[in-house]
Structures are given as structure tokens and as C-alpha cells.
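Here is a short report for a first look at the structure below.

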Number of protein chains: 4
Amino acid sequence: MSNTKIGIVVGTNRNDSQSEEVAKYYAQEITKAGLETTIISLKELPHDFAFSALYSNSGKNTAFQNFQDKIDECQKLVFVIPEYNGSYPGVLKTFIDGLRHPDSLANKKITLVGVSSGVLGNAVGLSHLNDVLSYLNANVLGFRIKLGNINSYFREGKFSNQTYENLINKQIYDFLKF
Amino acid sequence: MSNTKIGIVVGTNRNDSQSEEVAKYYAQEITKAGLETTIISLKELPHDFAFSALYSNSGKNTAFQNFQDKIDECQKLVFVIPEYNGSYPGVLKTFIDGLRHPDSLANKKITLVGVSSGVLGNAVGLSHLNDVLSYLNANVLGFRIKLGNINSYFREGKFSNQTYENLINKQIYDFLKF
Amino acid sequence: MSNTKIGIVVGTNRNDSQSEEVAKYYAQEITKAGLETTIISLKELPHDFAFSALYSNSGKNTAFQNFQDKIDECQKLVFVIPEYNGSYPGVLKTFIDGLRHPDSLANKKITLVGVSSGVLGNAVGLSHLNDVLSYLNANVLGFRIKLGNINSYFREGKFSNQTYENLINKQIYDFLKF
Amino acid sequence: MSNTKIGIVVGTNRNDSQSEEVAKYYAQEITKAGLETTIISLKELPHDFAFSALYSNSGKNTAFQNFQDKIDECQKLVFVIPEYNGSYPGVLKTFIDGLRHPDSLANKKITLVGVSSGVLGNAVGLSHLNDVLSYLNANVLGFRIKLGNINSYFREGKFSNQTYENLINKQIYDFLKF
């Protein structure tokens, strides 16, 4: 396991998102456990990637290829995913649609973290994304975390909610063994 | 009903997609039934819309606003949706994420058409998209069509498969009454 | 509309369920609006119906047929559905699997109410059930209600949570027009 | 791994189901690979288990407890699941609802096989069931198999479709390593 590198995907391209802060929290906790992490933030994607990196342009966009390389060098991925319109952000699926097909996520081990200002913690979006990842032959940890009411319970990089901290600790523990 | 305008959304920004041809087929059949249609094709979106039309830029991108206006003037929408990575294209969700929130699709009547080269006809993607549309308070016709093996059964604007033609006729009939 | 009869399905066979109390609340509110209602409670199903009313026994179980008749005489249905193991109760799907195939729910108008002691209000279960109902060509109102934390907000037949009351009023209003 | 016992769940209580035959096929192939298997067939459940083994009767039905014991002694499970009404059988969810809560499936490794006479191979039902299993903290192999048109391709315990055989071989190989 010592060579495992864990990518933490911020599942939105919005600036100053809570998901990015939660991703940093995961990176910090996983680093503490002795593993190497890298944050993969969709806000740094080329702005026209939905056109310039997909279909006949697949593999030709150098800036997008940096993202592909980061995915390729990670054996495990944490997806931190805000809830937009009752599911995961379209930009995250567009990112996945732009990755080299069909092996980019195959056999990777993945865990899902939903984030929302409302109560659901993106429960439905995690279900949808799990389907996509399973379709691509990634293996997703059963234990999905749903961090609802994020603005009440997470501030300045710390959780004020012990339940959430405990769930995250359990998830990271299970994920590192997975 | 005579004033109803029906938008037919091509759910991908890929050029020369089968979904666009299927959308034209629906437009033609609905026009025959005496209703006004307009095709809304995501390939005409501004290439950087995932950044320039969302979040703090919401409502500020004039080219995107033309799409918003088209959605606003339709009371009913047909979504023709290819299967990418076992679900609907990310660009379609990004488009929805860019629409004026939260009323853009509320109370609209929508029907779903899945298209795939494989056998599934985007069955899982239609489920995912139905969740998003329901979340936004659109009403989706129960009868979802799954056009699998599209390359075998649809050529030069015509279906060679009588079953598919019958399903589409039933769907359009039910949708116009819906 | 005056002849419309609305069935309210209690989606569990558990005794003394909160879902049954919520179903009674809906019946009372819809009756106030001037429509006829009937409660269809799965706890009254024959105990062996999963064997005695399905497959080669389809249509032969008289006690089950009383349920079939109730479904047949309703043009609209409200499903009140507790969350069991992150989805809707198996007994509800078994009930649907026992109904006359394939037309029992076709063209019916249906609305969904999720109930849970946890925060999710059966959000994922409503998604699953919507798929089943759509498959059977029922039309499901987009506006799905998720009543999480039910034990805190609903007691002795009354909601102490104004938000929930408002959501339910909107749902019933939209459903009667649907 | 030598002590691993693999349970193969026939996800229906219908007599003479294709799913049971497919389950036997999996048992035979996994046995060839040197592992112990046991078939868990829902048709042998007590006929009134939806009432006599759930809720206040949980743990009290001796015949149901034999099923609980079988689940408990398996570290890995294959679910073979027919498509009923566009999803998995209600009786399978009712069975899960009757298992000891919440640990019966936690940390088990599970793989999913969809079976249908139509083309979909229960694609949507596998998505639904994956959600339930993930909720219960089971880990589900990403690679889900969808055996559509089963009556054309599987007869007298043999597949006539090389693609299906290859998919199953890959699934079993990945599952034994999982």
C-alpha cells in the first residue's frame, strides 16, 4: 500500500466551494495516515473542455491531459461532490466523459462524499455517480457519506459536528483497507 | 393546446450525432400533428459555457441566454439523450445547471428518449435524468423510450424497425395529451 | 374531476406505522378538497401473498383481488412510503409484482410521499419507485415530498413543522390539477 | 481465501426460474475455481415471511433464521436477479428487510447478475439493488452483468452466447480477487 497515491476530486468548477474545503480536509486526514494525496480540482479545467477535449478532440487537449495524467497515477480516488439540482454537477460527468475510454477508471477504488447546503447530502447524486463509476468498472466503497447542512457543520476547515467527524474517520479507515 | 410550443432538446454537443437525427424525426412527427416545434441543440452552446454561464456568471452570458429564452418559450420538451458512460451526457446536466434557478423547468411537461449504440437505450441515464427533472418540479411522462442498437435500426432519418416506430407513435400521442 | 377517486397506499405492512398516520392525514386533506378517497393498507394483505398471489397464482387469490379492485377503481394514487434499508419496503414492490400485468397502473396519476425517521425522507427510495411506476406507464408528479425526521415533526395526526404543511398543501394542489 | 464461502442468492421465489438455473451455473463455475458455494433460494422461504419474520417478529421465525444463518456464514455473495416490472423482485427486498439489522450484509463482498427475457438484463434493477446494498455497507463489485434475452442465449444450463460466457468468466475472476 505504501506506493498508493490517492486523488481527491473536487467535483465542481465553482470557485470557493465548500466541496473544495472538504476535499482539503480529506487530504489532510489521509496524509496523516501516511499516504500520498493529490487534489484534482475541476475549476482548473480549460474553460472550453466540454468541446475541446471530447469526441474527435479526445486526447488532443494538453491542459486536459494533465488531468488525465493525474487520474492515471492514482490507484484510489475520493470524489467530493456537491448537490446541484438534486444530483451531482454536470461538469463532473463531462469531465468523466472526456477521460480516455474505457479504461481510465477501471479497477480504481473509489469512495464518495456528498455535500449539500440542504439536508440530503447529495444522496441521490451519489447513487447516480455510483452507477456511472460501476459502469466503468471502478469499485466503489459501499459506505457513502452524505454531509447535509454543510454550512452549519463545517467552518474554517473544521467540523463542529462529531457525528460527521466519526463517519469520515470510519470512511477513511474502510477506504484505506478497501 | 394550439399555442403550445414543443422544444426538442438534443442532449449532446457532439457533431453529427444520431441523437440529433432522432430529434429531427420527432420534430417532423410532432409538426405533422399540427404543433409548433423548435430544436434546441447543445452543440451550439458557447464552448466555455460551463464556466461563463454558471455560478456568479449566471444570467450574464448572452449566447447562453438565447438557450434560456428557447426553454422559457416552450411548455413541453422532448429530451433526446445518448448514452455516455452508462448515463446521460455531462454536458446536458451542465446545461441544466446553467439555467435560471429554480423555475426554468418547473411545471413543464417532458418526455424522454434514450439513444444508444448498445442494447440498453440509455435506460439507466433516463432514470437519472428523470430524478433531476422531478427535483426541478417538471412532470415527466411515465412512458420513456429506449432506442438501443440505434445504428442498426435508424438510417437516413428513417426507422427500419417497426417496433420502434410504434413506440414513438404511442409516446408522441401520449405526450400531446399529457 | 368529480368522479375521480383517489387511493392512498400505505407502503408498508408494519403495524402502527407513521406512514399509515401520514396517509390518514392526506386522506383528510384531500377529502376536505371535495374528492373521494380510499386508504389501501398493505398490512391487510394475506400474509402469504408473496407466494399465493404471484406467478402461476396470479389472479387466483380472492383476498388479494380485493386490493386489485381497489387499485382498479382509483384514477389517482398517493403512495406514502417509509424508508427501509435506504429504499422503499420490499413488500410494496411485491404488492406491485402481484398486480395484474401490465395495465394495472398504466395511465394512473401518482404522487409520492417519502417518510423516514432519519433525515433523507426516503429520497433514494422515491427515485427507485418512480422508475418502477414509469416502467408501468404510470405518470408520476415531479414534485416528490420527503418527510425526514418524521418523529420530531408529526405527532397525533398533526405536523408541528410549517414547512412540511406547506409542502404537502402544494403537493396536493398540484396533484389534483395533474 | 481458502475458507471463503460464497453464497449464491436466487433473487426470486418463482418456481422453475431461469435465475435459478443461472445461479447453478455460477455455483458450478465457482466450485471449479476451488471455492465452496451454497445456493440460497428465496422460493424456500416460509410463505408468510413478509409478516412472520419482519418488524416485531424479527429473529423469531426459525425457518427464516436458517436463511439468516446461511447469509452469516458467507463472506461473499452473488445475487442473480430477474427483472420484474423494470426492477428487482419485491420478494428480494423483503428478504433483505427481514435480515438482522444493521450488520447482516455489512462488509460482505457482493456481485450482481441481472437476468431478463427482454433486452435490458435488469440494468435499472441492479442500480436500485446496488443502492440498497451500499446503504447496508456491503461492497459491490463495479462490474455488473446484464444477461438480457436470456431465453435465447441460455438453455439446459449452457450459454450459447460466447460474449455472455466471457463476461461471466471475467466477473467471476474479478470477484474472487475482490
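## Chain B against chain A

In this predicted model, 26 residues of chain B are in contact with 27 residues of chain A. Two residues are in contact if their C-beta atoms, placed from the backbone, lie within 7 Å. On the chain B side, α2 (49-52), α4 (90-98) and α5 (123-135) each give two or more residues. α4(B) gives the most, with seven residues. Helices are DSSP runs (H or I, at least four residues), numbered from the N terminus.

The chain B side that touches chain A divides into 12 nonpolar, nine polar and five charged residues. Here Ala, Val, Leu, Ile, Met, Phe, Trp, Tyr, Cys and Pro count as nonpolar; Asp, Glu, Lys and Arg count as charged; the others, Gly among them, count as polar.

## How the two copies relate

A rotation of 180° superposes chain B on chain A, with 0.0 Å of shift along the axis and an RMSD of 0.0 Å. That is the relation of a two-fold axis. The same surface serves both copies: 100% of the contact residues of chain B recur in chain A.

## Chain D against chain C

Chain D puts 27 residues in contact with 27 residues of chain C. On the chain D side, α2 (49-52), α4 (90-98) and α5 (123-135) supply at least two residues each. The largest share, eight residues, comes from α4(D). By class, this side has 13 nonpolar, nine polar and five charged residues.

## A helix crossing between A and C

Helix α5 (residues 123-135) of chain A meets helix α5 (residues 123-135) of chain C. Their axes come within 8 Å and cross at roughly 55°. The two helices are therefore oblique to each other. The contact is made by A:Ala123, A:Val124 and A:Ser127 with C:Ala123, C:Val124 and C:Ser127.

## Confidence and conventions

Chain A averages a pLDDT of 97, and 99% of the residues score at least 70. pLDDT is the predictor's confidence in each residue, from 0 to 100. The model scores ipTM 0.97 and pTM 0.98.

Residues are numbered from 1 along each chain as its sequence is written, while chains are lettered from A and ligands numbered from 1 in the order in which they are written. In this predicted model, local features need pLDDT of at least 70 and side-chain atom pairs count only at pLDDT 80 or more, but totals for chains, interfaces and linings use all residues.

Technical notes
Axes fitted to C-alpha atoms, helices over the stretch in contact; angles between N-to-C directions. Parallel < 35°, antiparallel > 145°, perpendicular 65-115°, else oblique. Least-squares fit on C-alpha atoms with pLDDT ≥ 70 in both.
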